[in-house]
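Me: I would like to learn how to read a few features of a protein structure, one after another. Could we go through them slowly together?

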There are 2 protein chains.
Amino acid sequence: MDKLFTYDVVAQDEHTHARAGVFHTAHGPIETPVFMPVGTKGAVKGITMPQLESLGTQIILGNTYHLSQRPGPDIIAEAGGLHAFNNWNKPILTDSGGFQVFSLFDTVKLSDEGVAFTTIREYGGQKVFWTPEINMDIQQKIGADIVMQLDQCPAYPSPRDFVERAVDYTTKWAERCYKAHTREDQTLFAIVQGGMHMDLRLKSLHELQEVGDFSGFGIGGYSVGEPHELMFETLEPLVSEHMPKNKPRYLMGVGNPTTLVRAVAAGVDMFDCVLPTRTGRTGTAFSSKGRMNLRNAHYKRDFGPLDPQCACEVCKNYSRAYLHHLIGQKEMVGFTLVSMHNVYYLINLMKEAREAILAHSYKEFVEKWMSSEAAADY
Amino acid sequence: MDKLFTYDVVAQDEHTHARAGVFHTAHGPIETPVFMPVGTKGAVKGITMPQLESLGTQIILGNTYHLSQRPGPDIIAEAGGLHAFNNWNKPILTDSGGFQVFSLFDTVKLSDEGVAFTTIREYGGQKVFWTPEINMDIQQKIGADIVMQLDQCPAYPSPRDFVERAVDYTTKWAERCYKAHTREDQTLFAIVQGGMHMDLRLKSLHELQEVGDFSGFGIGGYSVGEPHELMFETLEPLVSEHMPKNKPRYLMGVGNPTTLVRAVAAGVDMFDCVLPTRTGRTGTAFSSKGRMNLRNAHYKRDFGPLDPQCACEVCKNYSRAYLHHLIGQKEMVGFTLVSMHNVYYLINLMKEAREAILAHSYKEFVEKWMSSEAAADY
């Protein structure tokens, strides 16, 4: 375990900034680029752990905001940590909950000390005060392999001075998280903020690098409502030119297939998003031809596989007509099957991206993707 | 396949009427006693087909009333039958839908020709007319291995003359179903009615035996609200003394564990019920100590397995505390896991009953069950 929390770049594409790597955790290696399904409350919605494993999942997420409220960090710690609690024995990453906290706009009060907020009604509408130290304590009790610093994620659009202040808070909190974090079987990632402003992105990155030797970097504050092209204007140079090459780069909350393919070309390694399960629960499937709304009546007699180009167990075993029937009838299994396919779709997309990088053909991979029917839809 | 639709009794218990047997279908053998999970609309609620298989499921049910409305028999036939449509490659049984039709009290009109009813609003509230011939045509299109005759199932309590008339209709419809049924890879079971009246039960059975050589008999009209003891007053002598020994006996719609154990002692071979998945979706689990409502706050810090005496994958891998958390948070996976455990519980109960019969110790099995904490609760 002398490689614990190191990142090995095993291949660097020559024509793009894409790279294939391995990040080492106490629960095993993570091969990048990787898509990480989100188990917000300790379970990926509609998909059991053995099913996730069968889809090729390497690592799942948990969310500190939600898990801190239900069941609470002490119960998870008493259970022996989140791996023991939810029986997922591969790597887990917890988001700090910063993103969720700052979605509770009205109730949030920020001070030098920390952030005060009121939980959603489902969690009793209680007043909570988080310092970076409290947040680290919670995440250490939850016990994921990778934990994220408490950060401030501004909405889009936000005034420049608001984004600037968020960068300042994020840096200060990174420093306090870095000091407060002590678990040796767990590692801490910093989070780069700075909105759509290149200078603020670089300021954020450089300040975080001065805080300490983080084993990886989250890239937050994107996918918050801005146009895709606007994101790439700053994301691309930030990642490809400025972020350290020997650390994994994790683009937070992004799950759009085309964005994944393009972000990998810029040098991003890790992605997470609720998109595959959230759209699965509405009966919408990713496919090689773009999105398919399985509620649509024209699937009623369509006995072909969901996506003929997909090798997942859903596509191999069930027809569009059957899935249309299940979803129309609100059968839980229908939502499970479409969610499984969607999760597989993104996991497999990143697996194929990795294979292309290893084969020195990622540029062709991107070109092929960008001219596909799928890319036209996403 | 010269054994197709024959029933081999492989062991007859000496001290009870319990027997172990094998019923042969075109999709493989069914070892009895057996519990059959219900996939009303072509899917067992919350449990995928590979999961059902992992639980030891030998045969699942489909419901003709529901499947005739959505997706409709023609679509299932075009898909290649229900096995191809839902990708379950072991035996399937379809109930005729008689039970559902006669639950639509207000709208049902019975005539010598057949039964007219109005579908539920979910299915458009349409007027439908079923003759036994139409019902057989639908079930032949659906293509289960075992189909049930159209019958009339009286509610409890019903006046004697109403039950008597239901027996008459059931006999007449059995005759018409018998003539109309032609698929050779599919077999037809008759259904014994007669409510809680011993003479009517025997009348029904004898009339059905005169209709033709059915390969098995359903026992309908129980578990319709009557006390358990009242059921056994007629069920026990009916099955143990009067029903043919060389045909499987299927007690319809019964899933209470104690009733299963006792009915096997009377000589019943097959059971189905929505109970394990319906209670699973409310967060209630069967267990060796009786029912457990996992919503109960005292499971919050209970890190032991759901049922320490159960060998299912849910009990082996997840704690009560985790299931309590998932169910409290309305996570789909929680309902799936409890439903899986409950289905396993009944499948395994019948598997253990079979082993006891083969070991000539079913009397001890019943005695042990009846003195258990579980029996006290069911």
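Me: Is A:S223 buried, partly exposed or exposed?

Reply: Please keep in mind that this is a predicted model. A residue counts as buried under 20% relative accessible area and as exposed over 50%; A:S223 has a relative accessible area of 39%, so A:S223 is partly exposed. A:S223 belongs to the loop between strand 12 (216–219) and helix 9 (228–242) of chain A, and its phi is positive, about 55°, although A:S223 is not a glycine.

Me: Which class does A:F5 fall into by its relative accessibility?

Reply: With the cut-off for buried at under 20%, A:F5 counts as buried because its relative accessibility is 12%. A:F5 sits in the segment before strand 1 (7–12) of chain A, and its phi, near 65°, is a positive value in a residue other than glycine.

Me: How should I read the area buried between chain A and chain B?

Reply: The size of an interface is often given as the accessible area lost when the parts come together. Here that area is about 3,500 Å², and carbon and sulfur atoms give 59% of it, while 42 residues of chain A are in contact with 41 residues of chain B.

Me: How many salt bridges does the rule find across this interface?

Reply: The rule finds four salt bridges between chain A and chain B, one of them being that in which the side chains of B:E78 and A:R301 meet at 3.0 Å, N to O.

Terms used
Residues numbered from 1 in each chain as written. Chains lettered and ligands numbered in written order. Predicted model: local features only at pLDDT ≥ 70, side-chain atom pairs only at ≥ 80, totals over all residues. Heavy atoms only, no water. Contact = heavy atoms within 4.5 Å. Buried area = accessible area lost by both parts, 1.4 Å probe. Helix = DSSP H or I, 4+ residues; strand = E, 2+ residues; numbered from the N terminus. Buried < 20%, exposed > 50% of the residue type's maximum accessible area, 1.4 Å probe, protein only.
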